[in-house]
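Reader: I am new to this structure and would like to learn how to read it feature by feature. Could you take me through it slowly?

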Amino acid sequence: MAGVQTAVALREKGFSGTITVIGAEPHQPYDRPPLSKAVLLGTAEGSAFDVDFETLGVELRLGCEVLGLRTADHVLDTEAGPVPYEVLVLATGAEPLRLPGTEGVPGVHLLRTLDDAERLRPVLARQHDVVVVGAGWIGAEFTTAAREAGCAVTVVEAAERPLAGALPAEVAAPMAAWYADSGAVLRTGTRVERVEPGEVVLADGTRVPAGAVVVGIGARPATAWLTGSDIALGAHGEVLADDRLRTSAPDVYAVGDCASFPSGRYGERLLVHHWDNALQGPRTVAADILGETAAPYDPVPYFWSEQFGRFVQYAGHHPGADTLLWRGDPAGPSWSVCWLREGRLTALLAVGRPRDLAQGRRLIEAGTPMDVTLLADPARPLKSATA
């Protein structure tokens, strides 16, 4: 998404020079969200972007892995040979974390690429017993698809609740019931000891039948190839970009999952592994390349997830909030959670309440003071709960 959108944005803004997009995968550039839904369930063959690269004058070099970067020489080293550049945009995304000890073990899967989804499709079609390791966003989405396909699913989560790394305990707690409601078994506070043929052995000795194991325990920026270059990396291995998404090296930008950026709105550096960031960032990169005077890159982070028959949306960044407020009953089909700091909305989670999300996102962007009493009334539109 980030690489393709940068190329498209450059052309839309009138850039007439050469644009080359290099990718390690052999496939036409594609969108990732359908991989855990339509592609996985076999209701779509793929999710290639509807972009006419030939008409745009964008050269694609597919199936070409990048090996290193020599910024002083303005040269990218690839397995097909060196590629000189005037301006380079790093959009290598993130790669999923592997479960230790499962490298090369048959029947253990990740879900990040089109090839991953294609390998998992027959697993669902044959209705295998499936163990999902990790109750994060991808684990929930895969579990949803697997249950829809008729698989028996056990989800093993090391933390005491789903989404432990993403949401506070009280907010994530109602989501645990969604697994049981779907017919899946959720085992929290549990670690995988090892994977054996046909089963997963848990740390307490329990053996769980597993025709397949799907690992969804997080991702890290795909930047190992930058080791030894003078591109500054952060604590998580991400490229440290500035507020125009420029890196520490001249004429090199970084966008999407592989880069963090300083947020003036939240007063800290953000590393956002979500689709919307890969859509928004390229516009800033293209503008800066073309010398346009643009506002600093400081979006309100946004993502969505479709799981267990629910549409879950989140906007903002809640660490640092001083107030948490509920709108609606979390046991019901639709509810929202608002986070505020000094009376202003900083983040919002909406379950089946897209209007709350749309209005809340605008209120976060504007920094509008809110009336907490009015805000707590789920029947009142968010936009009319201002102070």
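This is a predicted model: local features need pLDDT of at least 70, side-chain atom pairs count only at pLDDT 80 or more; totals for chains, interfaces and linings use all residues.

Reader: Which residues line the second largest pocket, and what is its volume?

Author: The volume of the second largest pocket is about 210 Å³. Its lining is made up of Arg 265, Tyr 266, Gly 267, His 317, Pro 319, Gly 320, Arg 341, Arg 344, Leu 345, Thr 346, Ile 364 and Gly 367. Sorted by class, the lining of this pocket has 4 nonpolar, 5 polar and 3 charged residues.

Reader: How should I read a nonpolar core, and which residues have the most contacts inside the largest one?

Author: A core is read as a set of buried nonpolar residues joined through their side chains. The largest nonpolar core here has 57 residues, and those with the most contacts inside it are Leu 69, Leu 90, Cys 338, Leu 345 and Leu 375. Helix H1, residues 2-12, supplies the largest share of this core, with 6 residues. There is also a second, separate core of 41 residues, which includes Val 39, Ala 135, Ala 140 and Val 155.

Reader: What is Leu 69 in contact with, leaving aside its neighbours within four places in sequence?

Author: With those neighbours set aside, Leu 69 is in contact with Val 75, Leu 76, Tyr 85, Leu 88, Trp 225, Leu 226, Ser 229 and Ile 231.

Reader: Let us turn to helices. What span should helix H7 have, and how far apart are its end C-alpha atoms?

Author: One can compare the span expected from the number of residues with the distance between the ends. Helix H7, residues 275-289, has 15 residues and should span 21 Å at 1.5 Å a residue, and its end C-alpha atoms are 22 Å apart, which agrees. Helix H5, residues 137-148, can be read in this way too: its 12 residues reach 17 Å from the first C-alpha to the last, close to the 16 Å expected.

Reader: How many residues of H7 are buried, and what covers them?

Author: Burial is judged by relative accessible area, and a residue counts as buried when that value is under 20%. In H7, 11 of the 15 residues are buried, so the helix is largely enclosed by the rest of the structure. Among the buried residues of H7 are Asp 276, Asn 277, Leu 279, Pro 282 and Asp 288. The covering of these buried residues includes helix H1, strands E6, E18, E19 and E21, and helix H8.

Reader: Could we look at one residue of H7 in detail, and where is Val 285 found?

Author: Val 285 is found in helix H7, and with a relative accessible area of 0% it is buried, because that value is under the 20% cut-off. Not counting residues up to four places away in sequence, Val 285 touches Thr 6, Val 89, Leu 245, Tyr 253 and Val 255. Val 285 and Leu 90 are 195 residues apart along the chain, while their C-alpha atoms are separated by 11 Å.

Reader: Which residues of H5 are buried?

Author: H5 is mostly covered, with 9 of its 12 residues buried. They are Trp 137, Gly 139, Ala 140, Glu 141, Phe 142, Thr 143, Thr 144, Ala 145 and Ala 146. In helix H6, residues 169-182, the buried residues are Val 171, Ala 172, Pro 174, Met 175, Trp 178 and Tyr 179.

Reader: What should I make of a positive phi?

Author: Most residues other than glycine have a negative phi.

Reader: What is the phi of His 74, and of Phe 308?

Author: His 74 is a residue other than glycine with a positive phi, near 55 degrees, and it lies in the loop between strands E3 and E4. Phe 308 likewise has a positive phi, near 50 degrees, and is found in the loop between E21 and strand E22. Phe 308 is buried, with a relative accessible area of 11%.

Reader: Where does Val 83 lie, and is it buried or exposed?

Author: Val 83 lies in strand E5, residues 81-84, and is buried, with a relative accessible area of 13%. Beyond its neighbours within four places in sequence, Val 83 is in contact with residues including His 74, Ile 22 and Arg 61.

Conventions: Residues are numbered from 1 along each chain as its sequence is written. Side-chain values use heavy atoms; hydrogens and water are left out. Helices (H or I, at least four residues) and strands (E, at least two) are DSSP runs, numbered from the N terminus. Buried means under 20% relative accessible area, exposed over 50%, partly exposed in between (1.4 Å probe, protein chains only). Contact means heavy atoms within 4.5 Å. On a 1 Å grid over the protein atoms alone, a cavity is a set of points where a 1.4 Å probe fits but cannot get out, and a pocket is an open set with protein on both sides within 12 Å along at least five of seven lines; lining residues have an atom within 4 Å of a point. Grid points are joined across faces, edges and corners, and a volume is the space filled by probe spheres set on the points. Ala, Val, Leu, Ile, Met, Phe, Trp, Tyr, Cys and Pro count as nonpolar, Asp, Glu, Lys and Arg as charged, and the others, Gly among them, as polar. A nonpolar core is a set of buried Ala, Val, Leu, Ile, Met, Phe, Trp, Tyr and Cys residues joined through side-chain atoms within 4.5 Å. The expected span of a helix is 1.5 Å times one less than its number of residues.
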